[in-house]
Amino acid sequence: MKSRRWFQKSALLLGFAFLYIPIIMMIVYSFNNSRLVTVWDAANSPTLAWYGKLFQNDQIMDAAWVSIQIAAMSATAAVILGTLAGLVLARFGPFRGRSLLSGMSTAPLVMPEVITGLSMLLLFVALEQLFEHWFGWSFGRGMITITIAHITFTMAYVTVVVQSRLASFDDSMEEAAMDLGAKPAKVFMKITVPLILPAILSGWLLAFTLSWDDVVIAQFNAGPGSNTLPMVIFSKVRLGVSPEVNALATIMVLIVGAGVVLSALYMRRAEKRRKREEQMAVANG
Amino acid sequence: MANSRALPAHARLRSGRLGPLWDLFFRFGPLGWSHYIRSHWAGQRLVIAIPFLWLLVFFVVPFLIVLNISFAEWAPLSRPPYEPVLRWLEDGALQVKLVFASYTYLLHEPLYVSAWLYSIKVAAISTLFCLLIGYPMAYAIARSEPSVRNIYLMLIILPFWTSFLLRVYAWIGLLKNDGVINQFLMWLGVIDSPLTMMNTSFAVYIGIVYSYLPFMILPLYSNLEKHDQTLLEAASDLGAGPVRSFLRVTLPLSIPGIVAGSLLVFIPAVGEYVIPSLLGRTDQLMIAKLLADEFFMNRDWPRASAVATVMLLLLIVPIMIFQHFQNKELAAAKK
């Protein structure tokens, strides 16, 4: 038994080292003064020089703003669509087209990005032609097309999260509310949404992150002047390592790290409170 | 529920927070239609229709367009650069022109054949390494104290929330000739001259394993965590050693987790674009890179569409297996 504990401990230790050493090295080198990213300039480091350069880089800052807008819009829309899809799949029982809906909503999880990107672009090209033919006017490609593409692939994640959250509750509370005369929309807003709120929140964050992070789909669907942050990073990094990117990465890791830790703490407290209330309800009922 | 028109107006307006909105929507909608939805309002049809239509328009129709264009003839000078498959002639007849040139090219051109084989090889090897690293970790987490389990899980998920692109980028700094690993090994005196690790298959394996490891660990963990410990006790009571009881009890029980995790890594890895572009070989392309080059550089839309179609056909079986396991998992969670 003791040897197995030892084996498990070292598996975890090595695994976490593998996951975190690259990130830590990236953070360390963002404070390096040398332009040769991997040579540590001990005399002049640590320095915040690259952070200053980063915030003066208009290209990166503009792209970051574009990315934030796209990610916020697509996460919000994806949460609405994904919650509906998850609700339908988890609660509505059998109906015609259910397996098609379930297939359509899980396939984007594993679909290679190049396929999604290419097919969305070809759709938009076809739509542009139709618009031009019918109205003599057409939308250009840009933030809107990227957002629609992102909604489509991120809503799959929201659907899965919401669906599995709903699957872990039975529908007795919703039924009780219905029996007491509440309308379906009211049941949804007063019972179902509070129950799945953690799933909705984490679905939104997940969708935001995925959209914020995506290079390939954005590259296919972007137009002139709609460069997202990952697109800018990708083209910069292809030419070699850049210390500004290290600084950017450090900021992002810190924000995300803080966010994840805080939300994990919050979720744990919310879960505990919910359990306690349920127990109270049982004890009082 | 039958017909809420029978209700007094104030009751109608207060039906849930969505009430007034719906009411305005229906009051000004075409009469027959609003009556239809009202009388069926568990709202069901509408609620089903919204995500359904969205996915139909933005997920299924695009594939049909890709399929359509893959049979078109490349016309580099027109805009868009292909001759449409379907065309209405002047006399009202419908002309159908299917061209298989893109597909025959894909299957015979050595560049493409080797890209296919290489992509599958890279994805398979990376999946195997993911499993070899991920399984012990998932196992260790599932067997650890419940109090630390959530912390471990958070540590697994945390990198996933940070930018995928930047995590791949981090490896450039480690793997370069004058990178951290080479400098460290030379300082140790293990090697005299730097190892070439960038722009090799090895770098791509590392990149994929590193980026997709959480996708392997999480399904494995959620499977391993559910195992009934009494089975292992029974095995040890019957005289099985730890290795034997692992091989005979734990491993067979965890096959659904292994399959789900492996597919979650393998399928996207075949079509991986970013990792091989940043870390991979320049003399041997993966299929996604070929697709993108064909589209953006040669502007050969039919051929790019044909590559996408073939890739989808190759992946459709693994995708369906994945969905099968996904549905089983959800059904099990329901019980």
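Modeller: Asp178(B) and Lys176(B) join their side chains in a salt bridge, at 3.6 Å from N to O. The term means a side-chain nitrogen of Lys or Arg within 4 Å of a carboxyl oxygen of Asp or Glu. This is a predicted model, where local features need pLDDT of at least 70, side-chain atom pairs count only at pLDDT 80 or more, and totals for chains, interfaces and linings use all residues. Residues are numbered from 1 along each chain as its sequence is written, chains are lettered from A and ligands numbered from 1 in the order in which they are written, and side-chain values use heavy atoms, with hydrogens and water left out.

Now the cover. Lys176(B) is buried, at 19% relative accessible area. Buried means under 20%, exposed over 50%, and partly exposed in between (1.4 Å probe, protein chains only). Asp178(B) is partly exposed, at 33%.

Next, Lys289(B) and Asp293(B). Their side chains form a salt bridge at 3.3 Å, N to O. Both residues lie in helix H15 of chain B, residues 287-296. They sit four residues apart, about one turn of the helix. Helices here are DSSP runs (H or I, at least four residues), numbered from the N terminus. Lys289(B) is buried, at 18%. Asp293(B) is buried too, at 17%.

Then Arg303(B). Its side chain meets that of Asp300(B) in a salt bridge, 3.6 Å from N to O. Arg303(B) is buried at 17%, and Asp300(B) is buried at 3%. Salt bridges also link Glu294(B), Asp300(B) and Arg303(B) in a network. Over all chains, the count is seven salt bridges.

Methods
Helices (H or I, at least four residues) and strands (E, at least two) are DSSP runs, numbered from the N terminus.
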